[in-house]
Protein chains: 2
Amino acid sequence: VSFARLPSLADAIVWIDREIVSSLGAERVPLAELSGRVLAQDLAAASDTPPFDRAVADGYAVSAQDTFGASVYSPLTFRLAEASAADLATGLAIATQVASGSPIPRGADAVVLPDHVQHDPGAATVEIIEPAIAGANVDQRGDDFSRGTPLLRAGRRIRPADVGLLGVAGIGFVEVVRRPRVRLVVTGADLYQVGQELPCGGVYDADTAMLRALVERDGGTTEIRRVEHRVSNAIREAIVGPAADLVIVVGGSGVGAEDVPVLRALRELRPGDDAGGLAIHGIALRPGMSTGMGRVGSTPVFLLPGAPVSCLWAYELIASRGVRRLAGRCPELPYLSRDFMTVRKIVSSIGFVEVCAVRRMPEPDNVEPSTAAPPDRAGSLLATAQADGFVLIPEASEGFPPGTRVRVYLYEDANSCRDPNYL
Amino acid sequence: VSFARLPSLADAIVWIDREIVSSLGAERVPLAELSGRVLAQDLAAASDTPPFDRAVADGYAVSAQDTFGASVYSPLTFRLAEASAADLATGLAIATQVASGSPIPRGADAVVLPDHVQHDPGAATVEIIEPAIAGANVDQRGDDFSRGTPLLRAGRRIRPADVGLLGVAGIGFVEVVRRPRVRLVVTGADLYQVGQELPCGGVYDADTAMLRALVERDGGTTEIRRVEHRVSNAIREAIVGPAADLVIVVGGSGVGAEDVPVLRALRELRPGDDAGGLAIHGIALRPGMSTGMGRVGSTPVFLLPGAPVSCLWAYELIASRGVRRLAGRCPELPYLSRDFMTVRKIVSSIGFVEVCAVRRMPEPDNVEPSTAAPPDRAGSLLATAQADGFVLIPEASEGFPPGTRVRVYLYEDANSCRDPNYL
């Protein structure tokens, strides 16, 4: 095998979109666990909300018409009644004390604020000194929304305020898209847990923790299987283990002798498959060239390079799309993007989509590569950590001279502090 | 008590920033749990990375100088040696097979790709048909970063790719800001769990689940205490319970008879305090006017209205800032914002900061209120659910005519699908 002529990143995306057509099935979750999940059903109000006419301020419920003519100079006297006993009708001049949020008695249509009422402690009557308008300080039944009102649609990613809306509507359980269970099969003999003493030739396993964070960002959960010795049997068993919705094999994606067992395991899982178990292996993408993808049974399998920087971009630009499709998320890159002007040259090789991490300049619409290191390190982990976003340079391009408008995918999110004064 | 002359939202923010000056202390967490946390220490590389000269492709490690003159027409013969045994020197014409990521032998300075090597199975020699440049396909020790290189700074919110960077650097445990433990004291007699049968006059408790989602968004954890009967004793006990970093009391924030026990509980917790337990009670904000704030011992306490729409905005615009400050997050609103033009009138009352939920129009920079309902419902939960963001109308303003540029806080995030084609 060699990677002489490689499918493009676009080919890989077409494959993913064709193979993972729909999101996973639904599961019922309680309101308290709903935030961030993707709705699997349209939701409508089952009843009028509020379910009764309700005071929206503390005060005195009255029939507004009875207060006509009231003023400081000619206060009108109202008889106080218990809210529970009261069944007001216009012309009776009855007031009942109500608290914000509580039902107002039948027949009342306004709440007079305490500022407009003279109420001596213990008195059986009160004086109203300002006329009320019908409906003042009252929410009528169904004012929030009436029965049948559409609230949220399937596909919605639930925001915290949506939880409040559904709570008010009395919707305690909701169908959401099940989280994809992603199995990470991490292969390699010289991988050491981060923090251990590192013998010569050993490398830290940075991929497991990084992929776990990435998969969770995309709405999935992870289950980790380490295969220390790249033996086909062990790899095969790890891949076919129970109940994964998507499998990511990490390491052994290349075409050298140490990679053979991984490829053999995949081939043996699909005997008779001409493509050797993988539908695509090798993509015109840097970092991430040795990425592969296929299916085992009905489960999509991605093969990612073990080198952490390659693993990062192979997941970000390829495998993550599969996770998001299963999760019912937007399949596109999970970054806001907009155009900037590059003020330094961005260099790239023809024939590959390449990644260049960029940082924003003091001028609002300018960016430059975040590292002065050579172009093949423009997407390195350090360059990425120092970046505000990244640029993808198309296969047909040798890069961009200064002054080019480039599309930047931004790491900036709502928690970045860009606008310190909101008043 | 009445809310005749109210402190402004700006006053409330000044109070919070003065009372919550620094974030909580640090805790050590393992790499696998780091994503999304806020760094409490600067991190630098403890050693050179990679720790050895390393092949970045499968191939044959050689001394580049020995390959000078090689071509298809005059291949150069190299003796194959085991990587472990080899200690190359220029002029020996020795090649050792290496896998991507593995150390290259001392003395070798380039890796020739298999495409440029003729290697008959079992042969003790290989033919090299293209000269290699020194450094080709080799990462030298420290090429990623050398010992002492600053990696990430305190205050950084850890991204998934940062986890990879720290993993590569061998940093297995990191000091991060502890998550604020937020106690929610939810008060009220007629509150029913969402989904239960609702008796007349009862309302669903939408606040607990909504606040839980909001607090978690802001980096906190929640502990929930329900106080069904608003009795001062019970409320006081719930507030002073052990080990909360911040307390949010929900409901009973008004000035009616039903609110008295909550205020009394707070007052009794600060005997002799002229302000009656709360430094601020009542804010020129709608929804959310009855919000209060103070301290019990060293713990900040926020008193939020129980009506869900008021509770939402009181948390969003006031209490959440306290949580974010403790969490070491950016204290500002956790929304991206930018200017839009309103194409419909936005109405507001003078004397209050008011919230208006808005939706984007097909024209890229236009917004309108997301509801046609009256202005006092412009920030309702339904209007908010149907919105792409919200506008805050300053106290001194009666609103904005069509054609005004307004600052919009956007719900849009990286998971909103706005840019479906990233290639």
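Guide: What follows is a quick tour of this predicted model.

Visitor: What does the secondary structure of chain A come to?
Guide: Seven helices and 28 strands.

Visitor: How many of the residues count as buried?
Guide: Of the 423 residues in chain A, 54% do.

Visitor: What about contacts with a separation of 6 or more? What share comes from residues 24 or more positions apart?
Guide: In chain A, 73% of them.

Visitor: Switching to the surface. What is the accessible area of chain A?
Guide: About 17900 Å². Carbon and sulfur atoms hold 50% of that.

Visitor: And the charges?
Guide: Chain A has 41 positive and 51 negative charges. Their mean positions lie 8 Å apart.

Visitor: Now confidence. What is the mean pLDDT of chain A?
Guide: It is 90, with 94% of the residues at 70 or more. The model scores ipTM 0.92 and pTM 0.92.

Visitor: Which elements of chain A have the lowest and highest mean pLDDT?
Guide: Helix H5 (residues 260-269) of chain A is lowest, at 85. Helix H3 (residues 207-217) of chain A is highest, at 98.

Visitor: Where does pLDDT stay under 50?
Guide: Over residues 418-423 of chain A. The model has 19 contacts beyond four places in sequence for that stretch.

Methods:
Residues are numbered from 1 along each chain as its sequence is written. Chains are lettered from A and ligands numbered from 1 in the order in which they are written. This is a predicted model: local features need pLDDT of at least 70, side-chain atom pairs count only at pLDDT 80 or more; totals for chains, interfaces and linings use all residues. Side-chain values use heavy atoms; hydrogens and water are left out. Helices (H or I, at least four residues) and strands (E, at least two) are DSSP runs, numbered from the N terminus. Buried means under 20% relative accessible area, exposed over 50%, partly exposed in between (1.4 Å probe, protein chains only). Contact means heavy atoms within 4.5 Å. Accessible areas come from the Shrake-Rupley method with a 1.4 Å probe; for residues, only the protein chains shown count as cover. Lys and Arg count as positive and Asp and Glu as negative; His and the chain ends are not counted. The place of a charge is taken as NZ of Lys, CZ of Arg, CG of Asp or CD of Glu. pLDDT is the predictor's confidence in each residue, from 0 to 100.
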